[in-house]
Structures are given as structure tokens and as C-alpha cells.
Amino acid sequence: MHALAAVAPLAAVILTLLLGRSSRAAAIAGIAVLVPLIAFVFPTPWQVIGRAAIEWAPVMTEVVLVLAGGILFAEAGRFTGNQQRITDWVTGSLGTGIVPVLAIVHGFTPLTESLTGYGVGAALAVPLLLGIGLPGKHAAIVGLLGLCAVPWGSMGPGTLIASHLSGVDFDTLGVTTALFNVVVFVAVGVTAALLVAAPGRRAPAVLAALGSALALSAAVFGANVLVGTAPAGAIGGLTVLALHIGLRAARGHRIGMPADVARAFVPYGIVLCGMLAMTAAFALLPAGEGTAHAILTSPALWLFVSTGALLATHRGAARGAVRSAATTWLRVAPATVLFVVLGALMGVSGMTGELAGILAHLGAAYPFFLPLFASLIGFITGSNSGANALGAGAQTDVARALGLDVPLAIGAHNAAAATAMMASPARVELAASLARVPEQRGSVQRLLVLQLGAISLVMGGLSFLLL
């Protein structure tokens with residue numbers, strides 16, 4: 001009875017999405033099923049729910065603000081012409097076809113996502129992909145495929161949560177996550193190649209994708225080992241982006257950067273350098289984390305600062321950018337919040353633990369299903385932090401009870417939960433809106449869910465072999 005009840009909210013979400021309804025409707029359906037279950041099957045005191053609301057409030061506030069900042073940043077770039085200047089430079093520097101697409105999927109998007117988080121990397125990538133000639137649907141899909149380094153997004157708070165709940169050292173967890181994430185890097189590269197390349201050019205495009213994916217895998221793994229987990233995703237993305245440009249230059253193509261393109265990159269520099277500088281400054285302070293740390297190291301602050309500086313010098317673009325960003329934010333933010341609420345309530349009520357308990361009965365087969373369970377939680381919450389807050393503790397308990405290697409088990413969980421971000425309904429809605437194809441959200445969602453399933457199965461096989 002309890003097991004079936006624990007599955008019911010997830011089933012309601014999936015059924016609603018299959019019926020073609022919006023992500024907001026799916027989240028509301030899940031909550032509608034969950035509320036009576038909390039009252040009668042998984043009774044949860046109001047005090048517990050209240051404490052959970054207080055604990056989650058800062059996270060939800062930051063998610064909403066980062067979404068607003070990222071959307072406004074992207075729209076400001078579009079209305080001021082900065083995105084077009086960068087697009088023209090990317091096209092000129094990397095040519096056309098699969099090369100600029102891989103540079104964005106394995107380089108630009110992991111770099112920006114690692115330093116901002118919450119799907120902002122995809123929001124910034126979609127306009128670039130439209131600019132290099134991809135149709136709207138393909139731009140939305142490929143932009144989301146770039147969310148392949150989410151365990152290191154926003155310098156790794158989700159991974160840090162998993163570290164605390166599992167007792168695995170933060171940097172050790174980064175290394176084991178990077179091991180499993182090779183599957184993700186390869187899968188998104190191959191998918192992008194098959195989607196973008198002309199029929200007669202798919203074989204060389206796939207080979208290029210494999211090389212790009214392995215380069216990112218090596219860079220991220222090496223950065224985790226040599227530097228640490230927090231900056232590993234940014235270092236990996238920057239390395240691959242530089243590699244693509246360097247290989248292009250080595251083939252005799254002149255790579256230059258005109259002054260107007262350099263100015264177009266200034267807003268990105270403000271975001272990235274501001275976050276890195278504040279993170280480094282607080283790392284040297286003995287006071288530790290607090291309100292000032294949370295504000296000054298938040299990607300939301302630097303996205304708004306950067307966008308404000310840009311629009312101050314392009315006043316004519318401000319009204320259009322703000323109006324367009326507000327429309328998109330009002331469509332996307334409520335769905336994101338509702339999914340986090342659903343995930344948090346499932347956690348505090350014990351439903352997530354009940355689901356993990358079901359998996360524990362699988363015994364020797366559990367390592368195979370571990371990533372699938374993690375992907376499901378990630379899909380529901382739409383947040384690596386939320387997925388780890390809800391599932392990492394339960395997965396750790398099951399792994400220890402079965403005598404499994406906990407760092408490897410939680411690495412598999414972390415990588416799989418993060419992978420689900422690219423197929424999360426709220427992220428799909430955002431990408432489809434930015435690509436100006438909201439009516440094709442359903443087909444974008446279906447393709448990414450199919451890829452998520454394939455990645456989860458392969459990762460499950462790897463987990464079974466290693467554990």
C-alpha cells in the first residue's frame with residue numbers, strides 16, 4: 001500500500017506530461033495527488049512541513065532569482081545585438097556544421113553553467129545556436145544537451161549536498177561523479193552530431209563528437225583530481241572551447257577578435273570574474289559562510305549586475321528586453337518552484353525513502369537500478385541540489401546496507417540525477433520559449449526523455465559492473 005502510494009505522485013506527473021499538458025500542470029497534478037497522501041497515508045506533522053519550508057526557502061528564492069537573471073541576461077544580449085556579434089564570431093572562428101555545435105555543447109554551455117547554474121547555460125546557448133542557423137526545435141534540444149556538466153553547476157552546491165548527506169569527501173565525490181559522467185558527455189555529443197549533421201556527414205560528425213566528449217571527460221576528471229571539484233566543470237568547459245578554437249587555428253584559419261566582439265563578451269566576463277573573485281575572497285576569510293557570502297557569490301547577483309551594466313549603455317533596448325524576459329520568466333518560474341515543492345514534500349513525508357526501500361529489496365540488482373531512481377528524482381525536482389537533498393541520503397543507506405562502495409554509489413547517483421536536468425519539464429519549457437518554438441515543447445520533451453532513459457540504462461550497466 002505504502003509503496004504504491006509513494007509512486008502515485010510521480011505517476012501523475014508523467015501521465016500529465018504524456019497527455020501533452022504544460023510542466024506547470026504536471027507539477028500541480030503531482031501535488032494534488034500528494035496532498036491527500038500526506039494527510040492519510042504518510043501523515044506528516046505541520047511542524048515538520050514548516051521546518052522544511054524554512055530550510056528550502058533560501059534555495060527556492062535563489063532558483064527564482066537566478067532564472068530571472070539568466071533570462072534577462074539572454075534577452076538583453078538579443079535586444080542589444082551582443083548575441084548576434086558573438087554568433088557571427090563563433091561562426092567565423094569555428095566555421096559551420098558540427099564544430100561550432102560541439103564547441104557550444106561541450107565548451108561554452110558547460111563553462112557558463114558551471115559558473116552560474118540552474119539551467120542558465122542552456123538559456124545562454126539557445127540564442128547562439130539559433131544564430132548559427134539551427135532551426136528552433138534543434139536549437140532548444142542542443143541547448144539542453146549542453147547541460148551535461150550539471151554536477152559542477154554553480155560551482156557544485158548539489159554535489160556538496162550529496163557529500164554532506166553521504167559522508168563522502170567533496171573532492172572524492174567529484175572524482176567518482178566524473179567517472180560516471182563520461183557516459184553523459186559522450187551521449188550528448190553523439191546526439192547533437194546525429195541531429196545536426198547532414199545524412200552523408202554523420203559518421204565523421206559522430207567521430208568528432210566522440211573526440212570532443214573524451215576531451216571534456218579528461219579535462220573535468222583531471223581538474224577534479226588536480227584542482228578540486230568546485231571549479232572542475234568551468235575548467236573543463238573552458239579547456240574544450242579553447243581546444244576547438246585552437247584546432248581551427250592550427251588548420252590555418254585566422255582567429256581574431258574585433259573590438260565590438262570583445263565588448264560583447266564583457267557581460268560574460270563580469271558574471272564569470274565576479275563570481276570567481278567573490279568565491280576566492282570568501283575562501284580566504286575565516287568567517288565562513290553567511291548572508292554576505294550567499295549574496296555576493298550568487299550567480300543571480302552577477303547576472304543582474306552584468307545585465308544592468310549592459311542595458312545602461314543600450315537604453316533603447318532596455319524596455320523590450322525587460323518585457324520579453326518577464327513574459328518568459330512568468331511562464332517558466334512557477335513550474336520550477338512547483339516541482340521543487342513536490343520533491344521537498346515527497347522527501348519530508350517519507351515517500352522518497354519508501355521508494356529507496358523498494359529498491360533495497362532488489363539486492364544484487366540494486367546497483368543497476370540506482371541511476372534510474374536518481375534520474376527519476378532529478379526529473380521530478382528539476383534541480384541537482386533538490387534531487388540530492390531528497391535522494392542522496394536514502395541511496396547512501398541502501399548502499400551501506402548492501403555493502404557497496406559508497407563513493408562510487410553516490411557518484412552514480414549524483415551523475416544520473418544531474419543528467420535529468422536536460423529533460424526536466426521546466427528546463428524544456430524555458431529552452432522552447434527562448435528558441436521561439438513553445439508549440440514544439442512536447443516533441444523536444446519526448447526526445448530528451450528518450451535520451452535520458454538511454455543514458456540511465458547505460459549508466460545502470462556501468463554501475464552494476466563497478467559496484
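Of the 467 residues of the protein, 56% count as buried. Buried means under 20% relative accessible area, exposed means over 50%, and partly exposed is in between, with a 1.4 Å probe and protein chains only. This is a predicted model: local features need pLDDT of at least 70, side-chain atom pairs count only at pLDDT 80 or more, and totals for chains, interfaces and linings use all residues. Residues are numbered from 1 along each chain as its sequence is written, and side-chain values use heavy atoms, with hydrogens and water left out.

**Overall build**

- The protein has 21 helices and zero strands. Both are DSSP runs numbered from the N terminus: helices are H or I with at least four residues, strands are E with at least two.
- Along the principal axes, the C-alpha atoms fill a box of roughly 65 × 55 × 45 Å.
- Among contacts with a separation of 6 or more, 80% are between residues 24 or more positions apart. Contact means heavy atoms within 4.5 Å.

**Surface and charge**

- The accessible surface comes to about 18000 Å². Carbon and sulfur atoms hold 70% of this surface. Areas come from the Shrake-Rupley method with a 1.4 Å probe; for residues, only the protein chains shown count as cover.
- There are 21 positive and 14 negative side chains. Lys and Arg count as positive and Asp and Glu as negative, while His and the chain ends are not counted.
- The centres of the two charge sets lie 16 Å apart. Each charge is placed at NZ of Lys, CZ of Arg, CG of Asp or CD of Glu.

**Aromatic rings**

- A pair of aromatic rings is described by the distance of the centres and the angle of the planes. Rings of Phe, Tyr and Trp (its six-membered ring) pair if their centres lie within 6.5 Å; planes under 30 degrees apart count as stacked, over 60 as edge-to-face and the rest as tilted.
- The protein has five aromatic pairs by this rule. In one of them, the ring centres of Trp89 and Phe265 are 5.6 Å apart and the planes stand at 85°, so this pair is edge-to-face.
- Trp89 belongs to helix 4 (residues 82-94) and Phe265 to helix 12 (residues 259-283), so their pair ties together parts 176 residues apart in sequence.
- Trp89 is buried at 15% relative accessibility. Phe265 is partly exposed at 23%.
- Phe368 and Phe369 also form an edge-to-face pair, with 5.1 Å centre to centre and 90° between the planes. Phe368 is partly exposed, with 27% relative accessible area. Phe369 is partly exposed too, with 32%.
- One aromatic cluster is formed by Phe73, Trp89, Phe108, Phe265 and Tyr268.

**Buried residues in helices**

- Leu430 sits in helix 20 (residues 425-434). It is buried, at 3% relative accessibility.
- Not counting residues up to four places away in sequence, Leu430 touches Leu67, Ile71, Gly119, Ala123, Thr328 and Val332. Its C-alpha lies 10.0 Å from that of Thr336, 94 residues apart in sequence.
- Ser163 is part of helix 8 (residues 157-166). At 8% relative accessibility, Ser163 is buried. Beyond its neighbours within four places in sequence, Ser163 contacts Val168, Asp169, Phe170 and Leu173.
- Ser93 is in helix 4 and is buried at 3% relative accessibility. Its contacts, leaving aside neighbours within four places in sequence, are Arg248 and Ile255.
- Ser93 and Gly20 are 73 residues apart in sequence, with 40 Å between their C-alpha atoms.

**Two loop residues**

- Ser383 lies in the loop between helix 17 (366-381) and helix 18 (384-401). Ser383 is buried, at 9% relative accessibility.
- Gly378 and Met421 are in contact with Ser383, once neighbours within four places in sequence are set aside.
- Arg436 is found in the loop between helix 20 and helix 21 (441-466). Arg436 is partly exposed, at 38% relative accessibility.
- Most residues other than glycine have a negative phi. Phi of Arg436 is positive, near 65°.
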